[in-house]
Amino acid sequence: FPPSSTSHALCSVSMSPALPVKSAEILAFARKTGYPYVPCVPQQPNGNPHEMKLVLVIYPDSASRDYLVDILEREGYGTIEALDCREGLESYAMRPTDLIVMDSANLDEAELRELEGFRRRFPEARLVALVGERCAYHGRIARIATDAFQKPVSTRGLLRSVEVLLSRSD
């Protein structure tokens with residue numbers, strides 16, 4: 001995990017289910033050591049760094065997060081993982097991704113205010129929110145998100161939204 005003598009930055013992109021790298025571990029190491037954090041640009045197998053889109057997955061439940069990462073990577077997207085809203089927004093601020101998919105079902109008031117501030121700071125960010133049926137903040141989240149889905153989420157519907165949002169040039 002510590003960088004080799006030829007490395008110059010830490011990388012947080014998970015490109016393979018066999019080799020997941022958690023952004024929380026990277027961020028903690030960078031803070032502790034002062035080592036620069038520069039998320040890597042994912043590359044397609046042919047080596048072209050401009051073909052693969054990068055998706056930040058913010059989900060506190062590890063099984064659900066792993067499932068989302070798996071389906072996105074199977075579709076050819078690079079992923080960065082975050083355990084919570086604060087970690088995810090911090091990661092995005094350091095290296096914006098093409099899209100954010102986040103579980104917003106259990107956000108508290110402070111996290112929701114952070115998300116609203118994030119939207120003001122990054123109005124161009126594409127955010128897909130996964131909202132629980134009994135979420136008290138559903139209306140506020142819908143105004144912040146580019147797209148929102150009520151849980152349980154259809155994999156096909158989510159992937160279609162991801163594809164549409166990532167195909168936009170705005």
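**Figure 1. Gly76 sits in the loop between α2 and β2.** The model is a predicted one, in which local features need pLDDT of at least 70, side-chain atom pairs count only at pLDDT 80 or more, and totals for chains, interfaces and linings use all residues. Residues are numbered from 1 along each chain as its sequence is written, and side-chain values use heavy atoms, with hydrogens and water left out. Helices (H or I, at least four residues) and strands (E, at least two) are DSSP runs, numbered from the N terminus. With 25% relative accessibility, Gly76 counts as partly exposed; buried stands for under 20% relative accessible area, exposed for over 50%, and partly exposed for values in between (1.4 Å probe, protein chains only). Gly76 and Leu54 are 22 residues apart along the chain, and their C-alpha atoms are separated by 9.5 Å.

**Figure 2. The protein has 6 helices and 5 strands.** Along the sequence they follow the pattern α-β-α-β-α-β-α-β-α-β-α. Of the 170 residues in the protein, 42% are buried. A contact is a pair with heavy atoms within 4.5 Å. Among contacts between residues at least 6 apart in sequence, 67% join residues at least 24 apart.

**Figure 3. The buried residues of helix α2 pack against β1, β2, β3, β4 and α6.** These elements are β1 (54-58), β2 (78-82), β3 (99-103), β4 (127-131) and α6 (155-167). The buried residues in α2 are Arg65, Leu68, Val69, Ile71, Leu72 and Glu73. How far should the 13 residues of α2 (residues 62-74) span at 1.5 Å a residue? They should span 18 Å, and the end C-alpha atoms of α2 are 18 Å apart, which agrees. The expected span is 1.5 Å times one less than the number of residues in the helix.

**Figure 4. Helices α2 and α6 pack at an angle of about 60°.** Two packed helices are described by the angle between their axes and the distance between the axes. The axes of α2 and α6 are 11 Å apart. Axes are lines fitted to C-alpha atoms, for helices over the stretch in contact, and angles run from 0 to 180 degrees between N-to-C directions. The two helices, α2 and α6, are therefore oblique to each other. Angles under 35 degrees count as roughly parallel, over 145 as roughly antiparallel, 65 to 115 as roughly perpendicular, and the rest as oblique. From α2, Tyr67, Leu68, Ile71 and Leu72 meet Thr155, Leu158, Leu159 and Val162 in α6. By class, this contact of α2 with α6 has 7 nonpolar, 1 polar and no charged residues. Here Ala, Val, Leu, Ile, Met, Phe, Trp, Tyr, Cys and Pro count as nonpolar, Asp, Glu, Lys and Arg as charged, and the others, Gly among them, as polar. The crossing of α2 and α6 is right-handed. A crossing is right-handed if the near helix is turned clockwise from the far one by less than a right angle, and left-handed if anticlockwise.

**Figure 5. The axes of α3 (residues 85-94) and α4 come within 10 Å and cross at roughly 15°.** That makes α3 roughly parallel to α4. The crossing of α3 and α4 is left-handed. Cys85, Arg86, Leu89, Tyr92 and Ala93 in α3 meet Glu111, Glu114, Leu115, Phe118 and Arg121 in α4. By class, the contact of α3 with α4 has 6 nonpolar, no polar and 4 charged residues.

**Figure 6. Phe118 lies in helix α4 (residues 109-121).** Is Phe118 buried or exposed? Phe118 is buried, its relative accessible area being 5%. Leaving aside residues up to four places away in sequence, Phe118 touches Leu89, Tyr92, Ile100 and Ala125. Phe118 and Ala93 are 25 residues apart in sequence, and 8.8 Å apart in space, C-alpha to C-alpha.

**Figure 7. Arg140 lies in helix α5 (residues 138-144).** Not counting residues up to four places away in sequence, Arg140 touches Glu109, Leu112, Arg113 and Glu116. Arg140 and Leu115 are 25 residues apart in sequence and 9.9 Å apart in space, C-alpha to C-alpha.

**Figure 8. Ser161 lies in helix α6, and Leu107 in the loop between β3 and α4.** Ser161 counts as buried at 6% relative accessibility. Ser161 touches Val128, Asp147 and Phe149, not counting residues up to four places away in sequence. Leu107 counts as buried at 9% relative accessibility. The C-alpha atoms of Leu107 and Ile141 are separated by 9.6 Å, and the two residues are 34 residues apart along the chain.
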